[in-house]
Amino acid sequence: VSGVAGPAPGDHGTAVMGVIGGARNARGVTGISPDSFRRMAAFSKPSATVIREAADQLSAGDLLLLEIHRSGPGASGVGQDGYIAIEWWPDDYDAIRYAVSRGVIVIEAAGNGFRNLDDAIYDVRPPGFPASCSNPFRLGARDSGAIIVGAGAPPPGTHGADWGADRSRLDFSNYGACVDAQGWGREVTTTGYGDLQGGGDANLWYTDRFSGTSSASPVVTGAVAATQGVLRARGQTLLTPARARYLLRATGSPQQDQPGRPAAQRIGNRPDLRQLIAAATTQGSPKWAGIFRPGT
C-alpha cells in the first residue's frame, strides 16, 4: 500500500511496483520477483483501515509492503525531516500486528526523516494515545512483527554517482536497533517518472533515480518474495513473519561505515539472495527467537 504521490499521479506506486514486479518481457525493467505481484493500493482511507483490509485479502506467507511514513515527534516541518515508520501510531501498530497474526509478512519503510529511532523522544506518549501504548521502536514485548527497512548507498559509480561507501547509511534514512535490513536508497532503475525514458505515453516511462526508503523497501520485499517462491516450488514450509525477519538479520552483506554515518547507526544488512535462499531451505538451520527481534 502506498500513501505517497510522485510528481505525477501514480509515479511513486508505479516505481515501487516495477522494482518488485516489473514484467518479464522484451522491454523496460524486470522486477526482482516478477511473478509474485498481486496488486497495490493507493488510498484516501485511514492507513490502519487499508492495512487491515489488505491483510484480509492475503494468506499466511504472503507479503504486505507499507510504502508510508509520517511526520513524527520533533519533525521540523521542512520536507520529510522527522518522518518516521508508521507503526509508531497505535492504530497502525494494531493493524500491522493484525496482519502479522494472520501470518502475513509485513515490510515497512523506516522513513526518510534523518532520525535515530532509538531517540528517547519516541518514548514520550503524546496526548490522545492510549495509556497502554509504549514505544514500538524499543526492542522488547511491544513488537509489531514487521520488517523495517532503511536506505543504503549503492556501489560508488552507479550511474556515475557516488553516495558514499557501498551499503553505508544514506543521510536521510532513519536508523536504529529496530531497523532490520537495508536496500538501495539511490539510483534504482524502475518504471515511472520518465526521466530516463519519457515521451507522451506514460506507459513507456522509466527512471534510474528512484530513491529513499521507498526504493529500499521493495528491494527487500522482492528478495523475500523470491525466497518464498523457492520454498513453495520445493514444497517446503513458507517463511513466517518472524523467520523472515530473523534470516534477513542473520544473512546478507553487512552495513559499511561512511564518515559521519558509521555502521553503528544501524540500517542492517543488504539481502544476499543466495545466502537467504540457502538459509531458508536448509533443514535444521540455527534456532531463532520467537516473534521478537534478536539483538542488534
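Which residues of helix 4 meet which residues of helix 6? Ala223, Val224, Ala226, Thr227, Val230 and Leu231 in helix 4 meet Leu273, Leu276, Ile277, Ala280 and Thr281 in helix 6, where contact means heavy atoms within 4.5 Å.

The model is predicted, so local features need pLDDT of at least 70 and side-chain atom pairs count only at pLDDT 80 or more, while totals for chains, interfaces and linings use all residues. Residues are numbered from 1 along each chain as its sequence is written, and side-chain values use heavy atoms, with hydrogens and water left out.

**Helix packing**

Helices (H or I, at least four residues) and strands (E, at least two) are DSSP runs numbered from the N terminus. Axes are lines fitted to C-alpha atoms, for helices over the stretch in contact, and angles run from 0 to 180 degrees between N-to-C directions.

| Helix pair | Angle | Axis distance |
|---|---|---|
| Helix 1 and helix 4 | about 30 degrees | 8 Å apart |
| Helix 4 and helix 6 | roughly 40 degrees | within 10 Å |

The angle in the second pair makes helix 4 oblique to helix 6; angles under 35 degrees count as roughly parallel, over 145 as roughly antiparallel, 65 to 115 as roughly perpendicular and the rest as oblique. The crossing of helix 4 and helix 6 is right-handed, meaning that the near helix is turned clockwise from the far one by less than a right angle. Its contact residues comprise 9 nonpolar, 2 polar and no charged. In this classification Ala, Val, Leu, Ile, Met, Phe, Trp, Tyr, Cys and Pro are nonpolar, Asp, Glu, Lys and Arg are charged, and the others, Gly among them, are polar.

Helix 1 also passes helix 4 in a right-handed crossing. There, His12, Val16, Val19 and Ile20 of helix 1 contact Ser214, Pro218, Val219 and Thr221 of helix 4.

**Nonpolar cores**

A nonpolar core is a set of buried Ala, Val, Leu, Ile, Met, Phe, Trp, Tyr and Cys residues joined through side-chain atoms within 4.5 Å. Buried means under 20% relative accessible area, exposed over 50%, and partly exposed in between (1.4 Å probe, protein chains only). The largest core has 30 residues, and Ile105, Ile107, Ile147, Val224, Leu239, Leu247 and Leu248 touch the most other members. Helix 4 gives the most to this core, with 6 residues.

**Backbone features**

Two residues of the loop between strand 5 and strand 6 deserve mention. His159 has a positive phi of about 55 degrees although it is not a glycine, and at 37% relative accessibility His159 is partly exposed. Arg167, likewise not a glycine, has a positive phi of about 75 degrees, and Arg167 is buried at 15% relative accessibility.
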